[in-house]
Amino acid sequence: MAQYSIIAVLAAVAAMTVFVAGDRLRPRSWRRTDDEYAGTLVLDLIKTFFTAVVAFVVVIGWQQYQNARAHTIAESQALVDAYWAANALPAPDARRIQDGIRAYTEQVMNAEWAAMDRDGSLSEAAQQTLDSLRATASAVPTADTVVADSRADAVDGLDRVAQARQDRAVDVREGLPGFLYIALIFGTVMLLLSPALSGVGVTARSIVMIGLLGVVVGSALLQIHNLDHPFSGGNLVSREAYELAVTRFQQIAPSPGARIG
């Protein structure tokens, strides 16, 4: 951080040096008698800087949000695949695995979603349910090739659930880099101070316009905050993928093989 501060100071010194030296070297006819042009230049620079930072942050935040949503979809699809594969196993094993898949999905939709919003972390209970479920599927005994293939498919589906869950855990903790927040705060402060620094007079019209500027800036910062936390705040990633998975569970009827005792 110290080296960035030194670079910023050196850049400021260089800009002032060029400005003073240029004033002495340029023709007298080019000189202006007021600093209005300098104020306009600085104001334009502040607006450009703020707009660029906001655009960059929004793109990164939206990408994080889309990644989080994609991971929930991948997890729900893997749950359905594992549920379907377990359907071909002998009845006791199929029932245990499918009951476990339904229980895990319900835990994710309810307790875990609340934990991600409230604490920014996943549920230990849901993790234990998934671990137990994977162990149960892997331990299904069989000498039948068809059943062995179904068991392998169920285990593969649960492995993909575990991977998507790990990705979701990263999404919960991931956020925008600190330096972007610093740049955003700096740009916001400079933008809000620019009317006063540029000498805008206090009138009813100017007060309304500055108020509107504050609304725009505040709304932009709020949306950035929501995008930065896809599982908390006012812009939550939807649980729709898991709700659709539960609906699909209900549609999958037990296969003849699953009724064998």
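Q: What is the mean pLDDT of the chain in this predicted model?
A: The model is predicted, and 77% of the residues of the chain reach a pLDDT of 70 or more. Among the elements of the chain, helix 1 (residues 2–25) has the lowest mean pLDDT, 59, whereas helix 4 (residues 124–138) has the highest, 93. Taken over the chain, the mean pLDDT is 80.

Q: How many helices and how many strands does the chain have?
A: Read along the sequence, the chain follows the pattern α-α-α-α-α-α-α-α. The secondary structure accordingly comes to 8 helices and 0 strands.

Q: Among contacts between residues at least 6 apart in sequence, what percentage join residues at least 24 apart?
A: The chain has 261 residues, of which 32% are buried, and its accessible surface comes to about 15700 Å², with 63% of that area belonging to carbon and sulfur atoms. Among contacts between residues at least 6 apart in sequence, the share that joins residues at least 24 apart is 83%.

Q: Which residues have the most contacts inside the largest nonpolar core?
A: The largest nonpolar core has 38 residues, and helix 2 (36–86), helix 3, helix 4, helix 5 and helix 8 (240–251) each supply at least two residues of this core. A second, separate core of 12 residues includes Phe-50, Val-57, Leu-184 and Leu-191. Leaving aside neighbours within four places in sequence, Ile-97 is in contact with Ala-86, Leu-89, Leu-133, Thr-136, Ala-137 and Val-140. Within the largest core, the residues with the most contacts are Ile-97 and Ile-101.

Q: Which backbone oxygen does the side chain of Gln-98 reach?
A: Gln-98 lies in helix 3 (residues 91–119) and, at 10% relative accessibility, counts as buried because the cut-off for that class is under 20%. Beyond its neighbours within four places in sequence, Gln-98 is in contact with Tyr-83, Ala-86 and Asn-87. At 3.1 Å, the side chain of Gln-98 reaches the backbone oxygen of Tyr-83.

Q: Is Arg-168 buried or exposed?
A: Arg-168 lies in helix 5 (residues 145–173), and its contacts beyond four places in sequence include His-71, Tyr-104, Met-116, Leu-122 and Phe-231. A polar contact of 3.5 Å also joins the side chains of Arg-168 and Tyr-242. With a relative accessible area of 0%, Arg-168 is buried.

Q: How many residues apart in sequence are the parts that Arg-168 and Glu-112 tie together?
A: Side chains of opposite charge can pair when their charged atoms come close. Arg-168 forms a salt bridge with Glu-112, with the closest N and O atoms 2.9 Å apart, and Glu-112 is buried with a relative accessible area of 0%. Because Arg-168 lies in helix 5 and Glu-112 in helix 3, the parts that this pair ties together are separated in sequence by 56 residues.

Q: What separates Asp-156 and Arg-160 in helix 5?
A: The side chains of Asp-156 and Arg-160 meet in a salt bridge at 3.4 Å, N to O. Asp-156 is partly exposed, with a relative accessible area of 41%, and Arg-160 is partly exposed as well, at 35%. Because Asp-156 and Arg-160 are 4 residues apart in helix 5, what separates them is about one helical turn.

Q: Which residues do salt bridges that share partners join into one network?
A: The structure holds 9 salt bridges, one of them between Asp-119 and Arg-118, whose closest N and O atoms are 3.2 Å apart; Arg-118 counts as exposed at 58% relative accessibility. Through salt bridges that share partners, one network joins Glu-75, Glu-112, Arg-165 and Arg-168.

Key. Residues are numbered from 1 along each chain as its sequence is written. Side-chain values use heavy atoms; hydrogens and water are left out. Buried means under 20% relative accessible area, exposed over 50%, partly exposed in between (1.4 Å probe, protein chains only). Contact means heavy atoms within 4.5 Å. Accessible areas come from the Shrake-Rupley method with a 1.4 Å probe; for residues, only the protein chains shown count as cover. A polar contact is a pair of N or O atoms within 3.5 Å; within protein, one must be able to donate a hydrogen and the other to accept it, and residues adjacent in sequence count only if both atoms are side-chain atoms. pLDDT is the predictor's confidence in each residue, from 0 to 100. A nonpolar core is a set of buried Ala, Val, Leu, Ile, Met, Phe, Trp, Tyr and Cys residues joined through side-chain atoms within 4.5 Å. A salt bridge is a side-chain nitrogen of Lys or Arg within 4 Å of a carboxyl oxygen of Asp or Glu.
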